[in-house]
Amino acid sequence: MTDGDQRQTPESITQATTIEEADRILEMRPVVVRASASLAEVAERAVDNPGCRLIAVVGDDDRLVGVLPTHALVNEVFQKIVPEEFLGEITDLEAALDYASRIGARTAADIMSPPVSVHSDETVRTAFERMHVSSYQGLPITDREEHVLGYVDQLELLVVWVHATGREGLLQPTDRSTAQEPEA
Amino acid sequence: MTLPVLVGLAIFIGTYALIATERMHKTLAAMAGGVAMVLLGIVSQEQAFAEIDFNVIFLLTGMMILAGIIRKTGVFGWVAVRAARFAGGEPYRILVVLSLITAIASAVLDNVTTVVLVGPITLFLAAQLSMNPFPFLMSEIMASNIGGASTLIGDPPNLLIGSAASLDFTSFLLNLTPLAALILAVYLLAARWLYRDLLVVDPERRAGLLELNERDMITHPALLRRSLVVLGLTLVGFLVHGFLHLEPATVALTGAVALMLVARESPDDVLRDVEWPTLFFFIGLFMLIAGVIEIGVIEAVAGFIADVTGGALAATSFLLLWVSGVLSGIIDNIPYTATMIPVVQQLSDGQQHDVLWWSLAIGADLGGNATIIGASANVILAGMAAREGHPITFGRFLRYGLPVTFGSMLIATVYVWLRYLL
C-alpha cells in the first residue's frame, strides 16, 4: 500500500492505492482475444477464465481496440437460443437497429464496445470512476502503448478497501465444519 | 414577377432543396420555411395558421398514440412468428406471409411502425435459415408502401388528400383497396421469379424455426386484449364516421383517449412516443403552402397542366399519376402531395368525380417503392439490413424497385382508365 501519514483513513488509502498494488492481491488473469476472433472462440476463452468479466479485444498489433462484457457475449449467444426474449422487447426504431447489429454479429469486432482500460500506475479511484461511468465490472490493465498487461476486477477494489480497514479476517476462508449455523 | 412572388418562390424552392438534400432536418426546414413566409409578409399569420389542417394533425396524433401502445404488446411478433411457423420454413411462403402481414398492418398503422416491428423478426428468420434477408426485406418495403396506399390512414399523402377533398375512410376502401390488393398479388407472384436465386435454403436449417414459441412474444396479454378491442372499434368508427357526422380525426382521437384510459398507461409515457417532429413537419408545410397559394404559383401550375392536357380529364389523370409516381420516388411524398393538393383543387373544380384525387394518391404512394429514399420504410429497412451485414445499395434497390414500381404504375393506369375514365 502507499505510504501515508498517521491521519490516513481507509478511504484515502483505498483511493490512492495503485492498480499494480491492487492487482497483486488477487492477480486475476485477463481474457484477451483478437478482433477477428469468432464468437465461438471468444466464448471458449471466456469459459477458460470465468473470473474475468470484461474481455479485452486487441488488433493485429496487440493493442487494445475494444472491450466486450461477458453479459453482452451471453446475450449474443442466447439471442439464438431464446430469441423471443429479445424480439419481444423491440418496440422502437433504436431497439430494432440495435437488434439488427447484434443478429448480424460474427466476430468480436462486431459486438465490442470502445476501449476502456486503466494503467498500472493509476489509482483504484481512477479505476472505480471508469468502471462506474462505463458500468463495467472490471477493466483491462494496459501499458502506455495500450498492450494488455492484466485485469482488475471490482472485487479487487473491494479487497483493497477491506485491507485498508484492517479487517483482513473478512478475506480468510471460513471453515464450514466449524462455522456456527445460524439460529433458526 | 413582383418582389413578393420572387421571395415566396425562393423560400419555397429553398425549403424543398433543404428537405431533399437533407442538409437540414426536414421538420426544421419546413418550420423555417413556414415562419419565413409569415415574417417576410408573403402571407398573413392568420392565413398561415388557418391553412394548418387539424384534421390531418389530429388524425396522425391519434393513430400515433394507438400504434405506440399497441406495439408494446408484442402482437406483431406473435403474428410474424406464428406465420413463419405456418410457412414451415419454406422461404417463398415466408416471404408471402410476411408481406401480407406488413401490407395489412401498414393499411391500419403507419408504415414506419410496421417495418420497425416486422424487420427484426425477418432478420432473425433469415439468420436462422442462413439466408440473405434481402428478398424478405425488399418485399416488406414493397408491401408496406402498397398496403399503405389502400386506406385513408395507411400513408400520410392519403391523410392529406382525404382531408382536403373530403374523401372518407370508406371511399378509400372502395377505390384504393382493390387496386392495392391487385398490385400486391401480382408482386407476390412475380417475387418467386424475381428472387428465384435467393430463395433457397438448406433443409436442415428449417428445424430451428419450428422451435420458436410465439406465446413468449406477447409481452402484455391484458393490454393486448384491450388494445385490439379499442383498435377494432376505432376502425368501425372510421367506416361509419360520415354517418356519425364525425371527422376521421375525431374518431382517431377518441380511440387514442379510450385506449389511454383502458390501458392505464401514463400520458407522459404515451405522449413521449408521439412523433412530434413529424407533426411539426406537417404544420410547417401547411404554413409554407399557404404562402405558395398566396403568391399565385398554384394557379400558374394548374393552368400549365390544363394547357398541356388541353383540359382533358383522362390526360390530366394520367399525367398526375405518372408525374406523382416519378417525383415521389425522388422527393418526400408528403411535401409533394401538400403542394399538389391546391393544384388538384384548381384542376378538379367543377369535375363530377374524384379521379384526379385518386391519381394523385396512387402516384404519390406507389412512387415510394422506386428508390431506396422513396419512403421512410425503405430507409429504415435498408438501415437494418446494413447493420445486419447485408447492405442494400442504391443501385441494387433500384434494380428491383424500379421494375416493380413501373409494373405497379401500369396496373394502376389500367385500373384508373377502366374504373373512372372508360
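## Basis of the model

Helices (H or I, at least four residues) and strands (E, at least two) are DSSP runs, numbered from the N terminus. By that count, chain A has nine helices and six strands. This is a predicted model, in which local features need pLDDT of at least 70 and side-chain atom pairs count only at pLDDT 80 or more, while totals for chains, interfaces and linings use all residues. Residues are numbered from 1 along each chain as its sequence is written, and chains are lettered from A and ligands numbered from 1 in the order in which they are written.

The predictor gives the complex an ipTM of 0.72 and a pTM of 0.79. Confidence in each residue is given by the predictor as pLDDT, from 0 to 100. Chain B has a mean pLDDT of 88, with 99% of its residues at 70 or more. Within chain B, helix α11 (residues 177–194) has the highest confidence, at 96, and helix α12 (residues 207–210) the lowest, at a mean of 69.

## Chain A overall

A residue is buried if 20 or more other C-beta atoms lie within 10 Å of its own, exposed if 12 or fewer, and partly exposed in between, with C-beta atoms placed from the backbone. Of the 184 residues in chain A, 29% are buried. Two residues are in contact if their C-beta atoms, placed from the backbone, lie within 7 Å. Among the contacts in chain A with a separation of 6 or more, 63% join residues 24 or more positions apart.

## The sheet β1-β2-β3 of chain A

Two strands pair if DSSP finds at least two bridges between them. Three strands of chain A form an open sheet in the order β1-β2-β3, with mixed pairing. Strands β1 (32–34) and β3 (64–69) of chain A are at the edges with a single partner strand each, so one side of each has no neighbour in the sheet. From one strand to the next, the twist averages 35°; axes are lines fitted to C-alpha atoms, for helices over the stretch in contact, and angles run from 0 to 180 degrees between N-to-C directions.

Strand β2 (residues 54–58) of chain A pairs with β3(A) in the antiparallel sense over five bridges, and Val57(A) stands opposite Gly66(A) in β3(A). Helix α3 (residues 39–48) of chain A lies across β1, β2 and β3 of chain A and runs at about 170° to β1(A). Helix α4 (residues 70–81) of chain A also packs on the sheet, where it touches β2 and β3 of chain A, and its direction makes about 65° with that of β3(A).

Asp62(A) is placed in the loop between β2 and β3 of chain A. Its phi is near 65°, a positive value in a residue other than glycine. Most residues other than glycine have a negative phi. With 13 other C-beta atoms within 10 Å, Asp62(A) is partly exposed.

## The sheet β4-β5-β6 of chain A

A further open sheet of three strands has the order β4-β5-β6 in chain A, again with mixed pairing. Its edges are β4 (118–119) and β6 (148–153) of chain A, each with a single partner strand, so one side of each is left without a neighbour in the sheet. The pairing of β4(A) with strand β5 (residues 138–142) of chain A is parallel, over two bridges. His119(A) stands opposite Thr142(A) in β5(A).

## Features of chain B

Helix α5 (residues 75–86) of chain B has twelve residues, which should span 16 Å at 1.5 Å a residue; its end C-alpha atoms are 16 Å apart, in agreement. The expected span is 1.5 Å times one less than the number of residues. Among the buried residues of α5(B) are Phe76(B), Trp78(B) and Ala84(B). Gly88(B), which follows α5(B), has a positive phi near 65°.

Ser130(B) lies in the loop between α7 (111–128) and α8 (134–148) of chain B. Ser130(B) has a positive phi near 55° and is exposed, with 11 other C-beta atoms within 10 Å. Ala290(B), in helix α16 (residues 276–294) of chain B, counts as buried with 24 C-beta neighbours inside 10 Å. Leaving out residues up to four places away in sequence, Ala290(B) touches Met37(B), Val43(B), Gln47(B), Ala48(B) and Glu51(B).

## Contact between the chains

The contact takes 15 residues from chain A and 22 residues from chain B. On the side of chain A that touches chain B, α5 (83–87) and α6 (93–103) of chain A are the elements that give two or more residues. The largest share, seven residues, comes from α6(A).

By class, this side of chain A has nine nonpolar, four polar and two charged residues. Here Ala, Val, Leu, Ile, Met, Phe, Trp, Tyr, Cys and Pro count as nonpolar, Asp, Glu, Lys and Arg as charged, and the others, Gly among them, as polar.
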